[in-house]
Amino acid sequence: MRASRRTFLRFLGGAAIGAATGPVASAASGRRKPAGVLVDMHTHLFGIGDGGTGCVLSCKQRAHWNFQFSLKLIGLAENGHMDEDYVQWMVRQLRASSVDRAVLQAWDCRYDSAGRQDLAHTTSLYVPNEYLFRIVRRYPDLFIPCASINPARRDALDEIDSCAAAGARLVKVHPPTMALDPADPRFLPFYRRCADRGLIVMVHTGTEHSADIIGQEVADPARLRPALEAGCLVIAAHAGTRAFFDREDFYPHFREMIRRYPRLYCDTAVLASMFRFRVLPQMLRDDGVMERAVHGSDIPFPANAMVFWHRLRPADLISLVTEANLFERDWKLKRALGVPDPVFARGAALLEGASG
Ligand SMILES: [Zn+2]
């Protein structure tokens, strides 16, 4: 890689190059890890389908800037066993970090009007639940399975049952890429079944830029009412927030919703990345928001300490910019920015409560 390109990637990812083998740097702020079990509630399993994983990456997603950027950032190449290389990268990173466990997500595809799998119109990616469980069975001490189920699939209720039986603790729905409206009344049985099985429902909210989508409006947290009224514990991933250049802003709706629904939470996934640098400081100022937040990174998307340079002590900034471990960098950066300790322990507490 030429020097200029490397410098550019370093700026974007903040020293993530070499993250596969890099050591864990000393703690930002010189403080130890928060008390309790530290669970990263939001990480992604990913693959292109080599090695029989069943993953599918659409042509559109392959052409997206984010794909090549992510490969470079974590040192992956399309070599016939990239899916396994990605898993090994995650395992090495997680083991070398002070994060105890990570929630690992599958990613369901689109479905046609009859509820049949529609890979031809799936413009993002497909990571099957079956592959997720294969990986989690290999590393049960590290990963907590988050199945992904598009509520529009005709076997959605059966899939909830089989994923719950296989050990899923959460179900992820991504409305903008899966082409669905989470407020569609047809999905009430889906939400009721998730509640019955004690599965936390995690729904992507807020603007999306790393995948091809049907529109931003389906990522409005206000559309989570049916899931909440069906009795689900819901995590609005990203709290409905936006990148600094977006016009839409659904975060005010998240704030309204938490006043009305005590079982609504958010995560801090991707909130330490460069396009969302305004978000976390705002959330920290707003009453009641951190009391509903759980820690999540959105790995493989990297946290970037450089964009918070003016909010960090110089020693913390240097420590975080040179931190090669993405799990470590993400939670330490958020903590250095002022995210309170209970946020880091809350994920484990919710998982414990949801299992009852
Ligand atoms: Zn994510």
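Two residues are in contact if their C-beta atoms, placed from the backbone, lie within 7 Å. By that rule, Met202 touches Cys146, Leu170, Lys172, Ile235 and Ala237, leaving out residues up to four places away in sequence. The model is predicted. Its largest nonpolar core has 99 residues.

**Core**
- Leu104, Val127, Val171, Val201, Val234 and Ala236 have the most contacts inside the largest nonpolar core.
- Val234 is in contact with Val201, Val203, Leu224, Ala227, Leu228, Arg263 and Leu264, setting aside neighbours within four places in sequence.
- In soluble globular proteins, nonpolar side chains tend to be buried together.

**Met202**
- Met202 sits in strand 7, residues 200-204.
- Met202 counts as buried because it has 28 C-beta neighbours inside 10 Å; the cut-off is 20 or more.
- Tyr265 is 63 residues from Met202 in sequence, yet their C-alpha atoms are 9.2 Å apart.

**Strands 1 and 3**
- Strand 1 runs parallel to strand 3 (residues 101-105), and 4 bridges join them.
- Thr43 has Leu104 of strand 3 as its bridge partner.
- Leu104 is also among the residues with the most contacts inside the largest core.

**Helix 5**
- Helix 5 spans residues 129-138, and its buried residues are Asn129, Tyr131, Leu132, Ile135 and Val136.
- Viewed down the helix axis, these buried residues fall within an arc of 160°, so they line one face of helix 5.
- Exposed Arg137 and Arg138 are on the face turned away from the buried side.
- The cover over the buried residues includes helix 4 (82-95), strand 3, strand 5 (143-148) and helix 6 (156-165).

Key. Residues are numbered from 1 along each chain as its sequence is written. This is a predicted model: local features need pLDDT of at least 70, side-chain atom pairs count only at pLDDT 80 or more; totals for chains, interfaces and linings use all residues. A nonpolar core is a set of buried Ala, Val, Leu, Ile, Met, Phe, Trp, Tyr and Cys residues joined through C-beta atoms within 7 Å. A residue is buried if 20 or more other C-beta atoms lie within 10 Å of its own, exposed if 12 or fewer, and partly exposed in between; C-beta atoms are placed from the backbone. Two strands pair if DSSP finds at least two bridges between them. Helices (H or I, at least four residues) and strands (E, at least two) are DSSP runs, numbered from the N terminus. The arc is that of the directions from the helix axis to the C-beta atoms.
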